[in-house]
Amino acid sequence: MDPRIKSIEDQVNNFLIKTKEDLESYRLQFISKKGVVSSLFDEMKTMASEHKKQMGKSLNDLKQLAEERFKTAQEALENNASTASADVDLTLPMIPNKTGSQHPLNLTRFRIIEIFERLGFNVEDGPEIENDWHNFTALNFPENHPAREMQDTFFVEKNPDVLLRTHTSNVQIRLMKNRKPPFRAIMPGRVYRNEAISARAHCFFHQVEGLYVDKNVGFADLKQTLYHFAKEMFGKETKIRLRPSFFPFTEPSAEIDISCLICHGKGCNVCKYSGWVEIAGSGMVHPNVLRNCGIDPEEYTGFAFGMGIERITMLRYSINDLRLFSENDIRFLKQFKPVI
Ligand code: PHE
């Protein structure tokens, strides 16, 4: 037998037909008039007759084999296509798109807003680039206060001073100046300080500040409001402690601590073995601040507080490094699934 026939026979048997394109190239190679089998038939016509007879038989077998393979492959492809489309059930609900997760700082911010909204506080907003008056002067900061130095605050311009706000208290000032009391508002937002970046500090972070100004607002209102907040945020068992402190814009001022969530007051490394963790600064709005905003301190009094959202989020989710919040590490972020 002509060795070429044997070789074509092997090729026919081994040709992989998986797609319509495969089938077509198979057809061109072995079945069509220009294919290898046809050209051997042409060649045969010129041969001597005894050769012709022998070759004719094997060539006919080859042609049959090639055609049979073509038919089976064609049928298989058609069957596959029809079963595939019958498999699709258009009434099934679609596979849901993957949803992202909410940033933990947002989860905490929303929770804080939710708690204070139920106490009648609305949400106020203000600029992150601020002039000296709204960030410092109106808030009773003395001329030589260290926050007014370049080392502590990012200035955008000097004389007149424009800066990245160091706290959200500028929104308190804008609110008191532009509207009439009573006020009950919280002010979430981003703030900036010229600090070295570490596990506990960053050059930007987020605060929520609160302000309540009305006739007869007293220190007891401040204490009860923050006590209520602490229990809502961290659980019914949470205790609070007020420590005397100083801020230029409040008098008297107090630091608010909560009982440590990890050791429940027994002492651990989170609370540095004191049993208490600081969460906010607070106090009664200084009469000078009210006066600076055109409010009569004889008629109105108020309290204010400010807390770091990062700090509260770290306590809430036991996060030990503040830098994680701004590194965009998907392994960290995807742990905070949204509650839809
Ligand atoms: N503005 C203060 C800070 O950034 C926080 C604060 C707000 C303290 C209101 C008392 C009253 O540290």
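**View 1. Val-123 and its bridge partner in strand S5.** Start with Val-123, whose bridge partner in S5 is Ile-186. Strand S1 (residues 122–123) pairs with S5 in the parallel sense, over two bridges; strands pair if DSSP finds at least two bridges between them. Strands here are DSSP runs (E, at least two residues), numbered from the N terminus. This is a predicted model: local features need pLDDT of at least 70, side-chain atom pairs count only at pLDDT 80 or more, and totals for chains, interfaces and linings use all residues. Residues are numbered from 1 along each chain as its sequence is written, and side-chain values use heavy atoms, leaving out hydrogens and water.

**View 2. Strand S5 beside strand S6.** Now look at S5 (residues 183–192), where eight of the 10 residues are buried (under 20% relative accessible area, 1.4 Å probe, protein chains only). S5 and S6 run antiparallel and are joined by 10 bridges.

View 3. A polar side-chain atom of His-167 lies 3.1 Å from a ligand nitrogen atom. Arg-193 has a side-chain N or O atom 2.9 Å from an oxygen atom of the ligand. For Gln-207, a side-chain N or O atom is also 2.9 Å from a ligand oxygen atom.

**View 4. The shell around the ligand.** In this view, 13 residues surround the ligand, and Ser-169 and Phe-249 are among the closest (a heavy atom within 4 Å). Strand S10 gives the most to this shell, with three residues.

Terms used: Polar contact = N/O pair within 3.5 Å; in protein donor to acceptor, adjacent residues only side chain to side chain. Helix = DSSP H or I, 4+ residues; strand = E, 2+ residues; numbered from the N terminus. Buried < 20%, exposed > 50% of the residue type's maximum accessible area, 1.4 Å probe, protein only.
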